[in-house]
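Please keep the sequence and the structure in view while reading.

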Amino acid sequence: MFFFVVVFCAGFWFFKYRIERSHAEQPQPDESNKSLINTPFPLGAQLVDTDGANVDEQILRKGRVIVVFITTDCDACLAEGKFLQTVIGRRRDVTFYGLVPFGARPDSSNNAAKTFPFRVFYDEANSFVMTMGINRVPVKVFLEDGIIKKGWIGAALTEKARTSFVEWLDGLNQEQEQ
């Protein structure tokens, strides 16, 4: 009897973990924190670029920007970087920036510069993730003149997810026209 209980519990844990993981891997527009929509992107970050130079955080508040929260030790982020290389040119009116909210900058500077097809900054004080409640990566946040307009959680690892993200990206134009 004990054996069956152990097998049942192990099976339950295994399937629960797989369901949670598969759900987490399904990227989607971020509807979880609507309270951030139409609010200013947080202030007070200590941004440093991959060369170690301090960067004025106002660079993120000019025009139409997508901030991609990523890390260099996240396989999904690395795959996302490769995918984003194929779509960045679709939107000449949107500037992409990478933001590394966790981890040590010196350990990942060279990797970030090589891996991601956009300029990458490090949030040395982790101020954005703490203020916005971001606890996983990748996450993409669309800003217009520093105001949060939309978000996207997860990496586009499947063809369906890539198509969905491209539609989301293309749809940014339509919303401005309405």
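## Overall organisation

The structure is a predicted model. Its secondary structure comes to five helices and eight strands. Read along the sequence, these elements follow the pattern α-β-β-β-β-α-β-α-β-α-β-β-α.

Of the 178 residues in the protein, 41% are buried. The accessible surface comes to about 10,300 Å², and carbon and sulfur atoms account for 54% of that surface.

## The nonpolar core

The largest nonpolar core contains 46 residues. Phe 41, Ile 66, Phe 69, Leu 84 and Phe 96 are the residues with the most contacts inside this core. Both helices and strands contribute: the elements that give two or more residues include strand 4 (64–69), helix 2 (75–87), strand 5 (94–100), strand 7 (139–144) and helix 5 (159–177). Helix 5 gives the most, with six residues.

Leaving aside its neighbours within four places in sequence, Leu 84 is in contact with Val 68, Phe 96, Pro 117, Phe 118 and Phe 165.

Is strand 7 largely enclosed or open? Five of its six residues are buried, so strand 7 is largely enclosed by the rest of the structure.

Strand 7 pairs with two other strands. Six bridges join strand 4 to strand 7, and these two strands run antiparallel. Strand 7 and strand 8 also pair in the antiparallel sense, over six bridges. Val 141 illustrates both pairings: Val 141 in strand 7 is the bridge partner of Val 67, and Val 141 also stands opposite Gly 151 in strand 8.

Strand 7 and strand 8 form a hairpin with two residues between the strands. In this hairpin, Asp 145 takes a positive phi near 50°.

## Glu 80, a buried residue in helix 2

Glu 80 is located in helix 2. Is this residue buried or exposed? Glu 80 counts as buried because its relative accessibility is 0%, and the cut-off for buried is under 20%.

What does the side chain of Glu 80 reach? The Glu 80 side chain reaches the backbone nitrogen of Ala 156 at 2.6 Å. Apart from its neighbours within four places in sequence, Glu 80 is in contact with Pro 138, Lys 140, Gly 154, Ala 155 and Ala 156.

## The cysteines Cys 74 and Cys 77

Cys 77 also lies in helix 2. Cys 77 is buried, with a relative accessible area of 0%. Cys 74 has a relative accessible area of 13%; this value is under 20%, so Cys 74 is buried as well. The structure holds zero disulfides.

Not counting residues up to four places away in sequence, Cys 77 touches Ile 70, Thr 71, Phe 116, Val 137 and Pro 138. Cys 77 and Leu 157 are 80 residues apart along the chain, and their C-alpha atoms are separated by 9.8 Å.

Key:
Residues numbered from 1 in each chain as written. Predicted model: local features only at pLDDT ≥ 70, side-chain atom pairs only at ≥ 80, totals over all residues. Heavy atoms only, no water. Core = buried A, V, L, I, M, F, W, Y, C linked by side-chain atoms within 4.5 Å. Buried < 20%, exposed > 50% of the residue type's maximum accessible area, 1.4 Å probe, protein only. Helix = DSSP H or I, 4+ residues; strand = E, 2+ residues; numbered from the N terminus. Contact = heavy atoms within 4.5 Å. Polar contact = N/O pair within 3.5 Å; in protein donor to acceptor, adjacent residues only side chain to side chain. Areas by Shrake-Rupley, 256 points an atom, 1.4 Å probe, with all protein chains shown as cover. Disulfide = S-S within 2.5 Å. Pairing = 2+ DSSP bridges.
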